Amino acid sequence: MIRSADVVVVGSGAFGASAAYHLARRGVRVAVLDRAALASQTSPRAAGLTSQVRATPALTRLAQRAVTKLAAFTTETGQPLRFTQSGALKIARTERDAEQLAREVARGATVGVPIDFVSVAEARRRLPILAERGIVAITWSPTDCNVEPSELPLGYCRAAEKLGAVLFPHTPATGFEIGARGVEAVRTPHGVIASGAVVDAAGAWARIVATALGAPLPVVATRHQLLITESIPGVGPHFPIARVIDANVYVRHERGGLMLGGYEPDPLQPEAVPDDIAQLPLDIDVLWRLARSVREQFPIFDDPAIRVAEHRGGLPTLTVDDRYLVGPLPGVRGAWVMSGCCVGGLSASPALGEAIAEWIVDGTPALDCSDMSPARFAAGEIDETLLRERCREAYSTHYRASGGASPS
């Protein structure tokens with residue numbers, strides 16, 4: 001165990017690994033702690049999708065930066081990443097959602113994201129499994145992409161290590177020493193690391209870590225699931241991502257088959273986070289109900305020959321406004337947080353890690369991060385029942401215009 005570090009990052013998922021890499025790249029002495037194996041919890045169970053047009057111009061620019069960095073990931077870090085820029089279709093089945101798409105096209109034009117309406121025929125040319133019925137409008141975003149989720153955080157961990165970061169898997173942060181000037185040290189089962197800065201990127205455990213630091217964190221760990229079918233003839237990497245707004249369902253290619261995931265109306269919010277995300281109970285019936293909700297657009301999921309190759313799920317953290325929670329932790333000098341991934345943290349993690357590294361080292365990030373600052377919740381704690389209810393609502397309406405993350 002090392003005796004000191006400039007910054008201790010708690011968590012080695014996409015958020016923590018990206019923060020560690022970008023800090024190490026700036027010459028910061030970094031220690032990364034994880035209660036489990038490196039990059040082994042929710043991040044590798046993600047969908048790995050991007051969507052660049054977000055609820056605000058600042059969040060859209062952040063998503064743009066993330067896609068740029070994903071495209072250059074291997075060149076920048078020297079680590080492998082399966083990157084597929086297949087583009088994305090977004091489907092409106094109601095006039096209300098068609099109006100939302102019109103606002104997204106206008107927002108994309110303002111910020112410089114290629115996105116426009118396409119005909120159903122053009123959408124079907126790009127995605128042959130898409131049926132015609134029940135569609136009011138569709139947009140096409142050619143630069144959206146998808147990645148292999150397991151490779152991203154592990155790649156950042158390895159790249160950070162090559163730059164001098166010290167990685168400690170199976171080493172939880174058991175406590176913190178806080179003095180008059182703020183954070184002074186991090187306690188672990190193997191010793192104490194003196195440090196004036198801590199980044200809470202502990203994923204489903206982020207709230208526990210924040211409490212130990214002495215600050216409330218208004219996030220709720222919420223189960224999200226997806227399935228991947230066995231190989232289907234004709235399905236390939238050229239298939240774009242497809243999202244159906246009102247159903248909160250996404251479909252994309254994966255390993256010769258199809259991935260289907262989505263946002264149920266009443267998601268599981270465990271009272272206690274399991275010791276390992278692999279212990280999280282899953283329910284595939286949730287996914288089949290979501291599949292039935294888009295059967296007119298994706299009748300392929302009604303095919304009795306379809307077989308499931310993988311069913312997985314994780315515990316992303318939700319905020320009440322469906323936006324990231326990244327920046328200084330109010331009330332605790334030297335404490336920083338990267339949480340509120342809202343199911344879309346993995347694809348945004350390259351830009352978020354870069355931003356928090358700039359924030360810590362330079363005093364301010366290059367991009368406008370005010371929309372995701374923890375200061376927006378500094379007024380006080382929310383009643384637990386209300387917090388869970390509002391996070392559940394944010395999850396179940398993830399693709400609506402009020403959302404902020406919306407990449408999956």
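Trp336 is buried (under 20% relative accessible area, where over 50% is exposed and the range in between partly exposed, with a 1.4 Å probe and protein chains only), its relative accessible area being 12%. The model is predicted, with local features needing pLDDT of at least 70 and side-chain atom pairs pLDDT 80 or more, while totals for chains, interfaces and linings use all residues. Residues are numbered from 1 along each chain as its sequence is written, and side-chain values use heavy atoms, leaving out hydrogens and water.

**Exercise 1.** Classify the ring pair formed by Phe73 and Tyr156.

*Solution.* Rings of Phe, Tyr and Trp (its six-membered ring) pair if their centres lie within 6.5 Å, and planes under 30 degrees apart are stacked, over 60 edge-to-face, the rest tilted. By this rule there are 6 aromatic pairs. For Phe73 and Tyr156 the centres are 4.9 Å apart and the planes stand at 75 degrees, so the pair is edge-to-face. Both Phe73 and Tyr156 are buried.

**Exercise 2.** Characterise the pair of Trp336 and Trp359.

*Solution.* The centres lie 6.0 Å apart with 65 degrees between the planes, which makes this pair edge-to-face as well. Trp359, at 15% relative accessibility, counts as buried.

**Exercise 3.** Describe the surroundings of Val8.

*Solution.* Leaving aside residues up to four places away in sequence, Val8 touches (heavy atoms within 4.5 Å) residues including Ala31, Leu33 and Val186.
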